[in-house]
Number of protein chains: 2
Amino acid sequence: MTTLSTPGPTLGVVGGGQLGRMLAEAASPLGVEVIVLDPTPDCPAAPVAREQLVGGFDDEDGIRELAERADVLTFEIELADQDLLERIGEETATPVHPKPETLRVIHDKLVQKRALADAGVPVPPFRAVETAADVREAMADYGGPVMLKARTGGYDGRGNVPVETPEEAEKALESVAGPAMVEAFVDFEREVSVIAVKGEGEHATFPLGENRHEDEILWETIVPARSSEPVAERAREVASDVLAVMEGRGVYGIELFETVDGEILLNEIAPRPHNSGHWTIEGAVSSQFEQHVRAVLGWPLGSTDLRTPTVSTNLLGDVEESRPAALANVDRVLETPGAHLHWYGKQEVRPLRKMGHVTVTERDGEGREALLERAQRLRAAVTFDVDQ
Amino acid sequence: MTTLSTPGPTLGVVGGGQLGRMLAEAASPLGVEVIVLDPTPDCPAAPVAREQLVGGFDDEDGIRELAERADVLTFEIELADQDLLERIGEETATPVHPKPETLRVIHDKLVQKRALADAGVPVPPFRAVETAADVREAMADYGGPVMLKARTGGYDGRGNVPVETPEEAEKALESVAGPAMVEAFVDFEREVSVIAVKGEGEHATFPLGENRHEDEILWETIVPARSSEPVAERAREVASDVLAVMEGRGVYGIELFETVDGEILLNEIAPRPHNSGHWTIEGAVSSQFEQHVRAVLGWPLGSTDLRTPTVSTNLLGDVEESRPAALANVDRVLETPGAHLHWYGKQEVRPLRKMGHVTVTERDGEGREALLERAQRLRAAVTFDVDQ
């Protein structure tokens with residue numbers, strides 16, 4: 001049985017962006033302290049973390065100091081260096097969760113898809129490609145457009161290039177510049193995601209969320225998704241199957257396609273709390289951040305039950321050029337009952353940069369459509385695009 | 001309209017105990033930073049605050065530094081020195097909320113009761129006493145036992161001495177040692193409280209909570225209180241009347257008696273977030289801590305609506321002697337769906353010291369009685385009284 005003392009356990013987190021900040025916010029009530037390693041001085045997590053070590057995600061000295069001061073090492077960005085984490089974890093005898101091995105599998109999208117397909121997780125048709133001829137051959141075999149993906153280094157859709165016609169293959173390959181793969185385009189009804197948690201001898205999944213992307217950036221998540229009950233159940237089942245492939249405890253963001261035929265196919269996996277799970281802070285009994293803290297410490301998981309239908313909408317940088325961050329008309333959010341502001345503390349707003357999010361919970365049984373509209377109107381009422 | 005930037009506004013908080021800690025937890029999502037002043041190095045709020053200044057609540061240099069670095073000064077203990085706050089607030093042009101004038105009224109229980117009675121707030125019969133003869137005369141006039149109260153310095157029931165028979169008057173007065181008052185004993189059905197928020201040109205009250213005290217220490221709060229609807233409404237009305245007497249923005253904890261006749265009488269006021277409002281973190285749309293942040297900044301208030309029936313139970317030191325804090329069997333709390341642990345990060349457990357609390361939200365319409373029982377069983381399952 002767990003005994004809690006003061007100071008409680010310390011989490012060493014590689015990365016101190018908004019995920020690290022929300023992790024620290026969730027850790028505090030549990031008596032858990034957070035130290036983050038991030039290259040940006042005064043990173044988003046800094047004001048609420050016990051301390052920030054300033055250093056890169058692959059800064060050996062920084063990671064070693066983090067490991068020595070922490071009871072468990074974890075990361076909030078998949079850019080963390082798995083080899084370094086593995087070696088320092090072993091040298092300092094500090095457990096790393098999720099396991100660096102998982103990062104290794106996820107980092108290379110081809111390796112990832114193969115491991116998942118082998119485990120029976122449904123994935124779109126995919127294959128490695130080296131030449132434009134390979135791409136065209138895949139298009140012929142799949143009978144349509146494909147998504148060309150850099151095998152490594154992608155993030156928020158970066159490194160993904162749609163190839164609609166065979167003529168585009170060369171240019172697409174050039175822009176990816178490096179080992180690549182293609183996937184058949186999925187004719188999807190909607191994009192959905194499951195936040196899944198792997199604990200010590202147990203696992204749990206949150207209710208299905210529906211995601212609206214633009215330019216491969218997440219704009220909104222609607223929970224519960226507007227999928228049928230069997231589809232939602234199937235999605236959570238697939239997420240559980242994905243967890244079985246992942247090594248080490250923690251939260252995983254599992255992005256899925258719901259096809260027009262109601263099939264569930266895996267899209268991508270993030271081995272960390274995920275933007276499409278921010279709704280859980282207000283919308284679920286225990287948030288994805290609290291669950292990550294519990295999981296990596298080997299503590300019992302909390303309930304993933306839905307508290308109320310919820311929409312979260314990202315505060316993306318609606319500016320043409322970078323400038324000091326200032327969000328105008330915040331009162332509109334503050335005044336709205338059930339709207340919850342989450343500010344990430346980034347000093348500079350850049351085009352489409354994630355600066356914060358607003359979560360809106362359902363009022364008076366208004367229904368998801370009205371709720372979604374209300375959230376979108378709120379989002380439209382605030383802006384970074386103000387006179388400087 | 002409010003514009004939010006990075007860094008956001010800074011709150012300077014006198015006191016860095018659990019209230020300061022939960023204030024910092026609530027401030028972060030709003031982009032608000034917290035600096036606390038507290039005499040205990042590494043106080044409960046320290047791990048999540050931007051910084052702790054180490055200094056007493058009446059440390060002039062400390063308060064001045066706090067004022068210079070903050071956009072608004074506030075306090076989480078009523079022991080804050082009102083004169084110092086007022087003077088430094090003026091000298092540094094930093095607003096102080098609630099107003100030091102309010103502290104002045106609240107500090108002296110006699111002045112407090114007079115101000116409230118004058119404003120039409122219902123209070124039990126009370127009067128100043130100097131001698132044992134005064135006490136006995138009051139007992140004769142009120143027709144029963146009285147509560148003898150030190151006019152200043154009381155806290156968590158300290159300084160309150162029940163006087164059941166005229167013979168006890170001398171000894172009671174001696175134990176209070178200082179200016180005193182008496183109040184008629186209230187034959188109450190239950191003790192209840194309203195958390196009330198005074199904002200900029202608006203105010204709000206949370207649903208009525210029912211409090212169970214032992215030895216004048218709060219053990220549990222049950223929300224909604226088991227009072228009738230008209231009584232609950234009346235209590236919120238009285239709380240609004242109390243707010244009208246208070247100067248300056250912020251959260252006030254307003255403790256009330258519900259008499260056997262269903263009358264509402266004021267008991268005590270705390271000019272800060274209150275232990276009996278901790279349930280709001282999970283049980284209300286916006287917590288008392290978020291409301292305090294919004295209020296003192298002059299931002300719009302959030303919704304005080306109940307999300308779900310809730311019980312909060314304090315983790316009081318169940319030890320005979322002080323010792324390093326270690327709470328055993330925490331898994332029992334962590335495993336319970338809808339149970340939320342709040343650990344205050346105090347290094348030493350002392351008899352009946354407030355070390356944390358657990359909030360339990362209603363499941364499957366179980367009803368308040370079952371919920372309360374469940375919370376009490378949970379509380380009983382964890383203990384600080386373990387082999388050292």
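An α-helix has 3.6 residues a turn, so residues three or four places apart point the same way.

The model is predicted, so local features need pLDDT of at least 70 and side-chain atom pairs count only at pLDDT 80 or more, while totals for chains, interfaces and linings use all residues. Residues are numbered from 1 along each chain as its sequence is written, and chains are lettered from A and ligands numbered from 1 in the order in which they are written. Helices (H or I, at least four residues) and strands (E, at least two) are DSSP runs numbered from the N terminus.

Strand E5 of chain B holds B:Val72, and B:Val72 is itself buried, with 23 other C-beta atoms within 10 Å. Leaving out residues up to four places away in sequence, B:Val72 touches B:Leu11, B:Thr94, B:Pro95, B:His97, B:Val296 and B:Leu297 (contact: C-beta atoms, placed from the backbone, within 7 Å). By contrast, 23 Å separates the C-alpha atoms of B:Val72 and B:Ile254, which are 182 residues apart along the chain.

Elsewhere in chain B, two peptide bonds deserve attention. The bond joining B:Thr6 and B:Pro7 is cis, with omega about -5°, and B:Pro7 is found in the loop between strand E1 (4-5) and E2 of chain B. A cis bond also runs from B:Val223 to B:Pro224, with omega near -5°, and B:Pro224 has its place in the loop between strand E13 (217-223) and helix H8 (229-245) of chain B.

Beyond chain B itself lies the contact with chain A, to which 42 residues from chain A and 42 residues from chain B contribute. On the side of chain A that touches chain B, at least two residues each come from strand E1 (4-5), helix H1 (18-27), strand E18 (326-327), helix H11 (330-335) and strand E19 (339-343) of chain A, and H11(A) gives the most, with four residues. Across this contact, two bridges join E1(A) to strand E18 (residues 326-327) of chain B, and the two run antiparallel, with B:Leu327 as the bridge partner of A:Leu4; strands pair if DSSP finds at least two bridges between them.

Finally, chain A superposes on chain B (RMSD 0.1 Å) by a rotation of 180° with 0.0 Å of shift along its axis, which is the relation of a two-fold axis; the superposition is by least squares on C-alpha atoms of residues with pLDDT of at least 70 in both copies. Of the residues of chain A, A:Val48 comes closest to the rotation axis, its C-alpha lying at 2.1 Å. Because 100% of the interface residues of chain A are also interface residues in chain B, the copies meet through the same surface.

Key. Contact = placed C-beta atoms within 7 Å. Buried ≥ 20, exposed ≤ 12 C-beta atoms within 10 Å, placed from the backbone.
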